Amino acid sequence: MTSSLPHLLSRRHFCLCCLGGAAFAAGNGWLTPRQAFAEARGIVSLIKDSAATSPIVTHKLRNNISVFEGSGGNIAVLNGGDGKVLIDAGIGVSRPQITRALAELGAEPVTHLVNTHWHFDHADGNEWLHSAGAKIIAQKNTRKHLSEIQRVEDWDYNFLPLQSGGIPGEVFAVEHGLKLNGLSIGLKYYGPAHTDSDISATFAEANIVHVGDTYWNGIYPFIDYSTGGSIDGMIAASDANLAATTNDTVIIPGHGRPVSNKAELKEFRDMLVAIRENVAKLKKQGRSRDETVAAKPTAAFDAKWGQFVIDPGYFTRLVYEGV
Ligand SMILES: [Zn+2]
């Protein structure tokens with residue numbers, strides 16, 4: 001374990017998506033699968049320990065919509081007389097802090113929870129939120145992944161299924177609409193992107209959208225090839241996000257600074273496209289993965305995007321896998 005990890009944990013709030021990068025950093029080199037597995041086991045505990053003590057920071061947006069930062073992925077909350085609607089659940093051990101943050105928004109119970117995708121740092125809180133009264137809605141692949149032992153190859157790690165209460169009770173394939181607290185909430189499947197289960201959640205009248213882990217604001221993203229993610233899927237999702245938003249849209253990313261906009265999203269998309277081209281060119285020349293990393297195809301972007309646990313080398317490997 002490097003000494004920088006607790007710092008990273010506190011600075012950006014840890015997530016499943018960062019496990020691989022942390023395992024890499026922890027070994028000062030690319031770990032063998034068995035080493036990564038051992039490291040990852042320790043890091044899962046670290047994530048939970050960190051989430052257990054991290055405060056929840058509430059960012060108020062508009063139309064009674066807020067964002068909670070501090071438990072895995074960014075959580076959107078719509079409050080109103082129909083009950084609270086959450087987009088993503090965070091990590092289960094954050095329950096006391098999330099309960100307090102929810103109470104500060106009003107006494108209404110949580111009635112609905114939407115998962116943007118299956119990852120632990122977005123769905124681990126499903127069980128307690130369901131027991132508190134939330135109906136859980138997701139894309140059908142999220143239910144599939146949360147119902148089975150799920151292997152993430154990059155970490156040689158097996159995630160256990162959630163207990164039945166945490167499994168989404170209502171799923172859809174492509175689109176699903178809700179009308180709650182006077183707002184239309186549109187859920188839309190991206191197709192394979194960061195995983196094969198990603199959806200956006202759009203609060204139409206408020207012009208606010210939670211785009212899940214298709215967008216990491218200001219940091220290189222993780223891409224989960226084990227469950228259908230790819231660099232090209234990430235770029236396609238970014239193009240869809242740009243097409244669906246205006247300069248006034250508040251965009252909530254899965255990770256990174258939780259209140260974003262179209263200009264920042266465009267910069268993220270252009271970074272993905274540029275690095276994809278650089279890596280594809282090197283791979284076409286016949287360079288191995290390690291030779292491609294050594295050629296530093298992300299160099300022009302590292303100062304801005306490479307300061308988190310998905311470091312330049314790790315992100316290069318993720319892109320290499322998909323071109
Ligand atoms: Zn994720």
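Predicted model: local features only at pLDDT ≥ 70, side-chain atom pairs only at ≥ 80, totals over all residues.
Trainee: Is helix α12 mostly covered or exposed?

Mentor: Mostly covered: eight of its nine residues, within 312-320, are buried. Buried means under 20% relative accessible area, with a 1.4 Å probe and protein chains only. Residues are numbered from 1 along each chain as its sequence is written, and side-chain values use heavy atoms, leaving out hydrogens and water.

Trainee: Which residues of α12 are buried?

Mentor: G313, Y314, F315, T316, R317, L318, V319 and Y320.

Trainee: New topic. Which side chains of strand β10 are buried?

Mentor: H176, L178 and L180, which point to one face.

Trainee: In what sense do β10 and β11 pair?

Mentor: Antiparallel, over six bridges. Strands pair if DSSP finds at least two bridges between them. K179 stands opposite S184 in β11.

Trainee: What do β10 and β11 form?

Mentor: A hairpin, with two residues between the strands. N181 in the turn has a positive phi of about 55°.

Trainee: And which strand gives the most to the lining of the second largest pocket?

Mentor: β11, with four residues. Lining residues have an atom within 4 Å of a point on the 1 Å grid over the protein atoms alone; a pocket is an open set of points where a 1.4 Å probe fits, with protein on both sides within 12 Å along at least five of seven lines. The lining has 16 residues, and K188, S200, T202, A240 and A244 lie nearest the centre.

How values were computed
Buried < 20%, exposed > 50% of the residue type's maximum accessible area, 1.4 Å probe, protein only.
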